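Please open the structure in a viewer and keep the sequence panel beside it.

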Amino acid sequence: MTGKASALAFGAAQLLMFGSISLLQIAPVQFFVPLLLTMHAGILLFIKLKRGLSANQPELTRVTRGTYVLMAMYLPILIYKLLDKLGLLHVHYPVLYSATLALAVLAVLLIVHSLRVVGCASAGRYG
């Protein structure tokens with residue numbers, strides 16, 4: 001795969017992953033299973049593409065770590081929604097939407113950065 005194609009595939013995997021996990025937070029319950037499957041497909045694609053890239057590049061390691069940290073940042077939102085389903089608290093939707101939007105913006109910034117890193121690394125101009 002060429003440098004540009006691998007960068008685009010890597011970014012597409014992140015977009016699939018973060019897009020579906022963001023929609024999962026705010027979508028109606030009938031979309032839960034399709035979005036969950038799409039998110040896991042994005043995760044599997046991300047892992048497969050990451051293995052194909054050079055692992056000894058520190059910037060790529062930072063992008064990968066940042067991706068995992070950002071995915072973990074969605075866990076408090078999931079716990080918040082779970083506590084609502086269990087009847088322990090009531091979800092305030094403006095808070096839910098704001099937190100999801102903030103994480104989605106961070107995800108877009110990470111995707112743009114990773115496109116730059118993977119594209120430059122593939123071209124031999126980085127690292």
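Predicted model: local features only at pLDDT ≥ 70, side-chain atom pairs only at ≥ 80, totals over all residues.

**The whole chain**

The chain contains 5 helices and 0 strands, and from the N terminus on its elements run α-α-α-α-α. Colour the residues by accessibility: buried residues make up 34% of the 127 residues in the chain. The chain exposes about 7700 Å², of which carbon and sulfur atoms supply 73%.

**The largest nonpolar core**

Which residues touch the most other members of the largest nonpolar core? Select Phe10, Met17, Phe18, Leu70, Tyr74 and Val118, which hold that place among the 25 residues of this core. The elements that give two or more residues to this core are α1 (3-26), α2, α3 (58-72) and α5 (93-123). The largest share, 7 residues, comes from α5. As general background, nonpolar side chains in soluble globular proteins tend to be buried together.

Keep Phe18 selected and display its surroundings. Not counting residues up to four places away in sequence, Phe18 touches Thr67, Leu70, Met71, Tyr74, Ala107, Leu110 and Ile111.

**Helix α2**

Select residues 32-52, which form helix α2. This helix has 21 residues and reaches 31 Å from its first C-alpha to its last, close to the 30 Å expected at 1.5 Å a residue. Show the side chains of Leu35, Met39, Gly42, Ile43, Phe46 and Leu49, using the C-alpha atom for the glycine; these residues of α2 are buried. Now turn the view to look down the axis of α2: the buried residues fall within an arc of 140 degrees, so they line one face of the helix. On the face turned away from the buried side of α2, select the exposed residues Val33, Leu37, Leu44, Lys48, Arg51 and Gly52.

**Helix α3**

Move to helix α3. The 15 residues of α3 should span 21 Å at 1.5 Å a residue, and the end C-alpha atoms are 21 Å apart, which agrees. Select Glu59, Leu60, Val63, Thr64, Thr67, Leu70 and Met71, the buried residues of α3. Seen down the axis of α3, these buried residues fall within an arc of 145 degrees, so they line one face of the helix.

How many salt bridges does the count give? The count comes to 1 salt bridge. To see a salt bridge, select Arg62 and Glu59, whose side chains meet at 2.5 Å, N to O. Arg62 and Glu59 are 3 residues apart in helix α3, and therefore separated by about one helical turn.

Select Thr67, which lies in helix α3. Thr67 counts as buried, because its relative accessibility is 0% and the limit for buried residues is under 20%. Not counting residues up to four places away in sequence, Thr67 touches Gln14, Met17, Phe18, Phe46 and Leu110. Draw a distance between the C-alpha atoms of Thr67 and Phe46: they are 9.7 Å apart in space, and the two residues are 21 residues apart in sequence.

Continue to Tyr68, also placed in helix α3. Tyr68 counts as partly exposed, at 35% relative accessibility. Leaving aside its neighbours within four places in sequence, Tyr68 is in contact with Phe46, Ile47 and Lys50. Tyr68 and Ile43 are 25 residues apart in sequence and 9.9 Å apart in space, C-alpha to C-alpha.

**Thr100 in α5**

For the last stop, select Thr100 in helix α5. Thr100 is buried, with a relative accessible area of 5%.

Terms used. Residues numbered from 1 in each chain as written. Heavy atoms only, no water. Helix = DSSP H or I, 4+ residues; strand = E, 2+ residues; numbered from the N terminus. Expected span 1.5 Å × (residues − 1). Buried < 20%, exposed > 50% of the residue type's maximum accessible area, 1.4 Å probe, protein only. Arc of directions from axis to C-beta. Core = buried A, V, L, I, M, F, W, Y, C linked by side-chain atoms within 4.5 Å. Contact = heavy atoms within 4.5 Å. Areas by Shrake-Rupley, 256 points an atom, 1.4 Å probe, with all protein chains shown as cover. Salt bridge = Lys/Arg side-chain N within 4 Å of Asp/Glu carboxyl O.
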